[in-house]
Amino acid sequence: MKTISLRLVVAILLAGIGLTALVIASTYDIGSARRMGPGYFPVVLSAVLVLLAVAEGVSAFMKREPESTSSRIDWRPLLAILAAVAGFAVTIALFGLIPAFFVVIGLATLSEPRYGWKPAAILAIVTCIGAWLLFSQLLGMTLPLFRLGF
Amino acid sequence: MFENILLGFATAFTPENLAYCFLGVFLGTFIGVLPGLGSLAAISMLLPLTFYLEPTTALIMLGGIYYGGEYGGSIASILLNLPGTPSAAVTCLDGNPMAKQGRAGVALFITAIASFVGGSVGIVALMGFGPSIARLGLGFSPADYFALMLLGLVAAVTVGGGSVIKGLIMVVLGLLLGTVGTDVTTGDFRYTFDFLELRDGVSLVAMAMGVFGVSEVISSISGSKTRKISEKVTARSMMPTREDLRRTFGPMARGSTIGGFLGALPGAGTVIAAFMAYATEIRIAKDKTRFGKGAIEGIAAPESANNAAAQTAFIPTLTIGIPGSATMSIMLGALMIHGISPGPLLISDHPTVFWGLIASFWIGNLFLLVLNIPLIGLWVRVLQFPYKYIYPVVIALICIGVFSMRTSVFDVSLVVIFGALGYLFQRTGYSPAPLILGFVLGPMLEENLRRAMLMARGDPIRLVSDPLTGSLLAISALMLVWAVLGGIRSLVAARRKDQVFPIGEG
């Protein structure tokens with residue numbers, strides 16, 4: 001047993017999702033086959049999901065493939081991009097669209113080492129102008145450009 | 001029939017609609033050219049732009065985005081040997097060798113022509129068969145609908161190749177995500193975790209952007225340094241020789257026919273159509289060795305096939321309300337957001353929408369041809385632009401797109417979750433397309449099953465004994481059994497090989 005393959009981890013994750021869904025669904029009204037309640041479909045689906053995920057996990061465990069480069073996780077871009085999206089969500093709620101654009105672009109550029117703040121700042125400014133032109137001027141959407149609401 | 005077509009063109013030919021069609025094609029091509037992003041990402045990213053438009057105008061623009069996205073994918077695959085969309089992968093086989101021989105311009109020109117021809121054939125098929133299939137659909141019972149959707153889902157998993165079990169997992173997860181929200185029949189909340197936002201269900205755009213957009217961007221970042229285009233593409237270099245043109249007629253005709261037929265079938269879709277058309281050309285070619293080394297037939301056939309298929313894929317989507325592919329399910333979602341529920345009644349209840357949409361498909365295709373020949377230089381420059389400066393903007397656009405859908409911060413945080421999941425799935429060989437398909441079909445599948453079971457008094461035997469429902473379910477079952485047996489056989493074969501040649505101690 002050298003390393004647990006990523007494939008197995010994902011299968012276990014999926015089985016976990018299925019199991020959680022099954023536990024939650026069992027509190028819903030199942031009904032009968034003739035008059036299905038809101039719980040019927042979710043119970044069947046989550047049970048099938050658990051079975052499939054277990055089967056996939058077993059097959060990942062049995063058929064061990066050599067780890068290829070495509071099944072490796074690139075942590076740096078993954079975390080940077082996810083942080084960028086999350087940062088956008090927080091900033092737009094608190095400070096509005098323009099600060100949110102600076103945050104999302106600033107954090108996204110952390111995906112690569114030595115990106116530099118200058119190109120990031122230029123990109124953010126260009127994006128703000130472009131978005132303002134497209135959304136506010138051309139399509140007439142009302143978006144909160146700036147705000148200070150807590 | 002003719003007055004309907006006229007009605008359609010009259011609807012589509014207003015200056016406003018033409019302008020939005022143009023804008024759609026332009027923006028769609030732009031996004032399609034970006035590596036890793038295809039027509040599906042283009043539609044989901046640009047969907048919010050259509051919210052403020054009339055439904056018909058919005059659909060016309062969406063149609064334009066869709067074609068633009070498909071064509072943009074072909075440009076990327078020919079110049080970079082990096083398919084932007086799965087269906088463009090076949091175009092790489094001969095397109096990229098052509099580019100290496102300095103004939104990228106001709107390849108792009110033939111692609112545009114073949115797309116237009118394939119698209120036109122598909123549109124004619126859509127006009128011809130759409131109404132009659134809708135009439136057929138009127139007679140379907142809930143049980144038939146259930147069986148048909150199930151067949152579509154099973155076909156999407158088993159026909160496309162790849163792991164069946166992973167595909168099934170994605171479908172079931174998608175169906176399960178589709179149950180989130182308010183139960184239509186009883187009004188009970190399911191899996192809402194006390195979030196107000198989840199009562200309307202998970203946002204389709206947030207999910208699609210997470211599993212397709214964000215995860216693709218993350219994986220493209222590390223591979224982006226090696227990309228380079230040396231060829232210069234000018235308008236002059238696009239002119240094909242007489243020999244080139246002569247060689248493309250047959251492949252385009254055959255490709256369009258194959259694509260038009262396969263596109264209408266559930267689950268087959270554009271990818272299979274392109275592969276089949278390519279395989280057919282190799283089979284009938286006198287000199288088979290030319291393929292893979294820049295044979296122009298190897299571009300003309302798959303490109304016309306995938307565009308014809310893309311067109312006829314609208315037949316089940318619009319007339320029965322059952323999308324055959326992930327892109328179609330996004331289109332279906334977009335239609336529903338605009339208050340149009342596709343189904344057998346669409347043609348009779350909303351004739352302007354149906355025929356206007358068809359006319360705009362054709363105009364969109366024409367625009368694509370007219371727009372892309374002069375603009376090809378621009379697209380090449382977009383491709384040459386360092387990816388470093390593109391992806392932060394793409395992420396920003398995904399965020400603002402999802403946010404502006406329902407001005408919801410919650411939806412943006414869903415993108416984080418789906419982005420992480422999508423990246424994990426992508427690394428381990430799960431395809432996100434069945435996930436989206438299952439998600440969109442889920443609520444309809446459940447509702448029809450419940451109605452069917454009510455009518456059958458809870459007796460599944462009664463459900464199966466109906467000739468149409470029964471045979472549809474039997475086909476699904478056969479496809480599954482066949483696929484599972486194939487999977488077991490390959491697993492056994494792999495084990496046996498392991499025993500003959502032991503690889504380490506594991």
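Biologist: Let's start with chain A. How many helices and strands does chain A have?
Modeller: In this predicted model, chain A has 5 helices and 0 strands.

Biologist: And what pattern does chain A follow along the sequence?
Modeller: Reading along, you get α-α-α-α-α.

Biologist: Okay. What share of chain A is buried?
Modeller: Buried residues account for 43% of the 150 residues in chain A.

Biologist: Which domains does the assignment give for chain A?
Modeller: Domain 1 covers 6-71 and domain 2 covers 75-138. Their C-alpha centres lie 36 Å apart.

Biologist: What about contacts inside chain A, how many join residues at least 24 apart?
Modeller: Take the contacts in chain A between residues at least 6 apart in sequence: 61% of them join residues at least 24 apart.

Biologist: Switching topic: how many residues of chain B are in contact with chain A?
Modeller: On the chain B side there are 62 residues, in contact with 65 residues of chain A.

Biologist: Which residues in chain B lose the most area to chain A?
Modeller: That would be B:Tyr191, B:Ile400 and B:Arg427, which together make up 10% of what the chain B side buries.

Biologist: Which elements of chain B give two or more residues to that side?
Modeller: Among them are helix 8 (164-178), strand 2 (189-190), helix 17 (391-406) and helix 21 (467-500) of chain B. Helix 18 of chain B gives the most, with 12 residues.

Biologist: How many salt bridges are there between chain B and chain A?
Modeller: The count is 0 salt bridges. For polar contact, the count between the two chains is 8 residue pairs, both residues at pLDDT 80 or more.

Biologist: New topic: B:Leu366. Where is B:Leu366 found?
Modeller: B:Leu366 sits in helix 16 of chain B, residues 351-384.

Biologist: How far apart are B:Leu366 and B:Gly119?
Modeller: In sequence, B:Leu366 and B:Gly119 are 247 residues apart, but in space they are 9.5 Å apart, C-alpha to C-alpha.

Methods: Residues numbered from 1 in each chain as written. Chains lettered and ligands numbered in written order. Predicted model: local features only at pLDDT ≥ 70, side-chain atom pairs only at ≥ 80, totals over all residues. Heavy atoms only, no water. Helix = DSSP H or I, 4+ residues; strand = E, 2+ residues; numbered from the N terminus. Buried < 20%, exposed > 50% of the residue type's maximum accessible area, 1.4 Å probe, protein only. Contact = heavy atoms within 4.5 Å. Domains from an automatic or database assignment. Buried area = accessible area lost by both parts, 1.4 Å probe. Salt bridge = Lys/Arg side-chain N within 4 Å of Asp/Glu carboxyl O. Polar contact = N/O pair within 3.5 Å; in protein donor to acceptor, adjacent residues only side chain to side chain.
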